[in-house]
Amino acid sequence: MHTAKIRIGDEDLILETGKIAKQANGAVIARYGGSVVMATACCSSETTEGMDYVPLMVDYNERYYSAGKIPGGFIKRETRPKDKEILVSRLIDRPMRPLFHKSFGRDIQVIPMTVSTDQVHTPDVVGMMAAFASVMVSDIPFDGPVSAIRVGSIEGELVANPTFQQLEKAELDLVVAGNNKGIVMVEGGGDQVSEERMLEAISFAEGILKDLCQFLADFAAAAGKEKLPLPEALPPLGFEDEVRAEAEPLFAEVLFLDDKFARSGGARDVKAKLCEKYAERIEAYGEMGMTVFKSFLGKVQSTMMRRSIVNEAKRCDGRNPEEIRPISTEIGLLPRAHGSSLFTRGETQSIGVVTLGSSYDEQIFDDIDGDRRSSFMLHYNFPPYSVGETGRTGTGRREIGHGHLAQRAIEPILPPKEKFPYTIRVVSEITESNGSSSMATVCSGTMGLLAAGVPLKAPVAGIAMGLIQEDGKNVVLSDILGEEDHMGDMDFKVTGSEEGITAFQMDIKIDGISIDIMRTALEQARRGRIHILGEMFKTIKEPSQAISEFAPTVVTYQVDSDKIGAIIGPGGQNIRNISETSGTKVNIDDDGVITIFAKDGKKGADIALNMVKGFVEEPEVGTIYEGTVKRLMDFGAFIEILAGKEGLCHISKMSKERVNRVEDVVKEGQKISVRLVEVDRMGRLNLSIVDADNPDWKPSSTGRPSGPPPRRPRR
């Protein structure tokens, strides 16, 4: 067994190997405070030759026992992965994947598992370090080390690995991964923070990451296994120059057409033509001949596109590096939705749909971080037709990851619940895709929210940036296409308002990038974001003045917390009666905020509000009430003016004319306007139907006091 530790922030990160899960290729237990993650790395025994991707699977999972909990619901064991587990799996996968060798050709699986959590320190970054360390000490070839850290900006101070409590006050929350050569991944968000503050946080992380990388390298040197050999590289074709000379002019005719399908179809035809022409020589190469030949053609295609950008500032669709594709926008697309929009940028298109609900529609989370609720949800759908293909529909890791990024982008600019007490759901339907549908989701979602009348702090937009490093030159690309994402060196997404950044995500395929390149990319992204916001503002800039008629009516009312019991009533009797009578849902918070949700318009909400007031308000002399006749007597009628509070309207106060029988004027159950004219010495309420319509009414001048009798002074 081998143990090592390093100080990060206020705690030691402790790594241990050689004690548990010894049959795995590599296994490490990482401890940080009270959070413990066990990570294992395994690979298959058989090799598949000629693979052009890394068959890596990362499956992060959290055990409920780690927090001393039993899973909620009917099924009392961990089953399908939760969204959070999928998101952390993606965090671990993205910085690791470029460091594995495609030629290794074996399935690789990394399983980080949270087995203890103190609900103080975030286990996701601990899981990342455990996963990286498990691969480092394994015999799987890996171009590490790589390390990760969370950086929070709390009250202006940058903090390494902040606690959950600190993150609640953070204006910036980033997870940063890097190696000895630079930053390789960034994921996070902020409350409209500046580009300079973002760079300060990343630079702060960079120094710590280098120390962590050295720590992992020393740990692997002391306790790691000897790496498995890589398969011998396949020999060259032997006629590459001849193929390149013929392929380049053919590719030049098709790789720079305006239309995505024209480009991809043309490139496919060129490859098919060359495969047919060189078929005999490919066959003579051997079993892997066709795989090697197609791979070489792909490299020729990629090199031509990259050099066109670097040397001629010309992209495959004809744009210059900073140019953004044409944008069109529309709102009110769906008549029954509470808010809807259509955002189209080039060949990428998203329909944003907003639904407003009550607090009963909130998302409930049952996980090891503690029970919590969320009043905002964003769901992203990416059907196969959006790229002109057939395939299975459903929610995969891509949908969850892209939706989370868009949700993180919009969440900081939503109004506080006290100002807008709705539960909000945004759904993005991607109907076309060729580059950054997640950023289109941010734009369509923002426009849909404005159309729904949600009072956003500021509209936000998103843009995807790319990078080409070729021949010693760096070119940053704005609004990248799918081909530029696939053949480029960076995918860099930034969202924000005119004031600052709300979400940030970066992945690279090269060894690492410098802060200077990131500074250039951030400034270019800011200009692009402002341009996109300007296009959105041509359609909508301010929230609609009215909420959709199809959305529920929401009314809030504040009462003293000591009055909550009176409103709820014995066994919930009063609040049930309010809901059933008014046809509404009533929610009461511990601080006395009462929220009434009425699906059928304002009438039901008004009824419920008056009933609530009845339980907490004291009757006031001179006030006109909409009362309900409860009982008829020979001398008058008892009328309920507030919930549980009745007064007597004497027969003489029912009409200006003489009334012989009470039944001639009012009936039991009748709604009628009455004025409270007096509270006598015994606290009884005297009402008047006649005076309800008298604008000149004044309190009695008989000298009788209104209200309960005064206390006698002690002698």
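Welcome! In helix α1, K84, V88, L91, I92, P95 and M96 meet P123, D124, G127, M128, A131, F132 and V135 of helix α2, where meeting means contact, with heavy atoms within 4.5 Å. By class, that contact has 10 nonpolar, 1 polar and 2 charged residues. This is a predicted model, in which local features need pLDDT of at least 70, side-chain atom pairs count only at pLDDT 80 or more, and totals for chains, interfaces and linings use all residues. Residues are numbered from 1 along each chain as its sequence is written, and side-chain values use heavy atoms, leaving out hydrogens and water.

**Helices α1 and α2**
- Helix α1 (residues 83-96) and helix α2 (residues 123-137) pack at an angle of about 40 degrees, their axes 10 Å apart.
- That makes α1 oblique to α2 (angles under 35 degrees count as roughly parallel, over 145 as roughly antiparallel, 65 to 115 as roughly perpendicular and the rest as oblique).

**Helices α14 and α15**
- Helix α14 (residues 573-582) and helix α15 (residues 602-616) have axes that come within 9 Å and cross at roughly 155 degrees.
- That makes α14 roughly antiparallel to α15.
- The residues of their contact divide into 6 nonpolar, 5 polar and no charged.

**Nonpolar cores**
- The largest nonpolar core has 129 residues, of which L13, I424, F504, M506 and M518 touch the most other members.
- Such a core is a set of buried Ala, Val, Leu, Ile, Met, Phe, Trp, Tyr and Cys residues joined through side-chain atoms within 4.5 Å, buried being under 20% relative accessible area (1.4 Å probe, protein chains only).

Key:
Axes fitted to C-alpha atoms, helices over the stretch in contact; angles between N-to-C directions. Helix = DSSP H or I, 4+ residues; strand = E, 2+ residues; numbered from the N terminus. Nonpolar A, V, L, I, M, F, W, Y, C, P; charged D, E, K, R; others polar. Buried < 20%, exposed > 50% of the residue type's maximum accessible area, 1.4 Å probe, protein only.
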